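Me: Hey, can you help me look through this structure? I'd like to start with the ligand.
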Amino acid sequence: MKSVIITGAGTGLGRELALKYGKEGYHLILVGRSEETLLEVKKQLNNAIITVLDIRNKHEVDENIRFLFKEYNVVGLINNAGIGIFGPFVKIKENAIEEMFQTNVLGTMYMTQAVLPNICELDGSFVMNIISTAGLRGKVNEAAYVASKFAVRGFTESLQKEYEEKPVLISAVYMGGMNTPFWKGSEHVKDPSKFRSPAEVAETIFSQRQQEYVVIESK
Ligand SMILES: NC(=O)c1ccc[n+]([C@@H]2O[C@H](COP(=O)([O-])OP(=O)(O)OC[C@H]3O[C@@H](n4cnc5c(N)ncnc54)[C@H](OP(=O)(O)O)[C@@H]3O)[C@@H](O)[C@H]2O)c1
């Protein structure tokens, strides 16, 4: 059975992608820091395991990925985990900037570097990076977050060129607002219920999973 690793699979879009890929017959490896939310998602799937892991820690990433490749037939990685801290740029704290870059950029790179060499020669293999429309254009009060997502875009586009002769598909997904826990505790968006549901976005992503470039604008 083919396995797909999804980071940030305990909530929001990652959870919905896990449920969708599970329905389509994949074995899921659910990655995140909170065991509780990952177990909740695992319960809803017939074939899944959880891997409690902080993607900011390269050593932890490498150890876990080495183990997963020994045990499972991993064919795909969805780099979905990400955080956003918003507000006027000069008020964004240094540790918030670092946390966003460590998670959104370095975490994505660490996961990709650990997984890609193991799958790049396989037909049907893929690395899908969940970015945001914040990776396409600047936005008010999102400077540091947008910078981190532009970095992931540059990373993805470069890998697409580097691996163009290989069977692995490297894709970038740019979506607008979704109604997920991402906005919990943030003043930046007053009413996230106006956004698309992560389930709807997961359906669209799955239907366009063979594309290198997917854009799903806000409603
Ligand atoms: N919601 C939106 O409007 C929106 C719009 C465009 C793009 N996006 C992007 O979509 C992706 C998914 O976000 P979402 O909206 O579904 O938000 P979410 O529900 O907050 O999901 C983010 C997930 O990432 C995990 N995560 C965070 N830091 C991690 C780390 N260091 N190691 C491992 N896992 C980590 C979190 O789980 P733990 O805390 O348990 O680790 C959480 O499950 C993100 O990349 C986000 O930037 C969101």
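Me: How far is a backbone N or O atom of Asn80 from an oxygen atom of the ligand?
Reply: The distance is 2.8 Å. Keep in mind that this is a predicted model.

Me: OK, and what does Ile55 do with its backbone?
Reply: One of the backbone N or O atoms of Ile55 sits 3.0 Å from a nitrogen atom of the ligand.

Me: Which atom of Tyr145 comes up, backbone or side chain?
Reply: Side chain: an N or O atom there is 2.7 Å from an oxygen atom of the ligand.

Me: Which pocket is the ligand in?
Reply: The ligand takes up the space of the largest pocket. Helix 1 (12-23) and helix 5 (143-162) are the elements that each give two or more residues to the shell around the ligand.

Me: How many residues surround the ligand?
Reply: There are 29, and the closest are Thr11, Arg33, Tyr145, Met178 and Thr180. By type, the shell splits into 13 nonpolar, 12 polar and 4 charged residues.

Me: Switching topic: where is Glu63?
Reply: Glu63 belongs to helix 3, which covers residues 58-71.

Me: Why is Glu63 called partly exposed?
Reply: Because its relative accessible area is 40%, and partly exposed is the range between under 20% for buried and over 50% for exposed.

Me: And how far apart are the C-alpha atoms of Glu63 and Ala114?
Reply: They are separated by 9.2 Å, with the two residues 51 apart along the chain.

Terms used:
Residues numbered from 1 in each chain as written. Predicted model: local features only at pLDDT ≥ 70, side-chain atom pairs only at ≥ 80, totals over all residues. Heavy atoms only, no water. Helix = DSSP H or I, 4+ residues; strand = E, 2+ residues; numbered from the N terminus. Buried < 20%, exposed > 50% of the residue type's maximum accessible area, 1.4 Å probe, protein only. Near = heavy atom within 4 Å. Polar contact = N/O pair within 3.5 Å; in protein donor to acceptor, adjacent residues only side chain to side chain. 1 Å grid on protein atoms, 1.4 Å probe; cavity = no way out; pocket = protein on both sides within 12 Å on 5 of 7 lines; lining within 4 Å. Sits in = over half its atoms within 2 Å of the grid points. Nonpolar A, V, L, I, M, F, W, Y, C, P; charged D, E, K, R; others polar.
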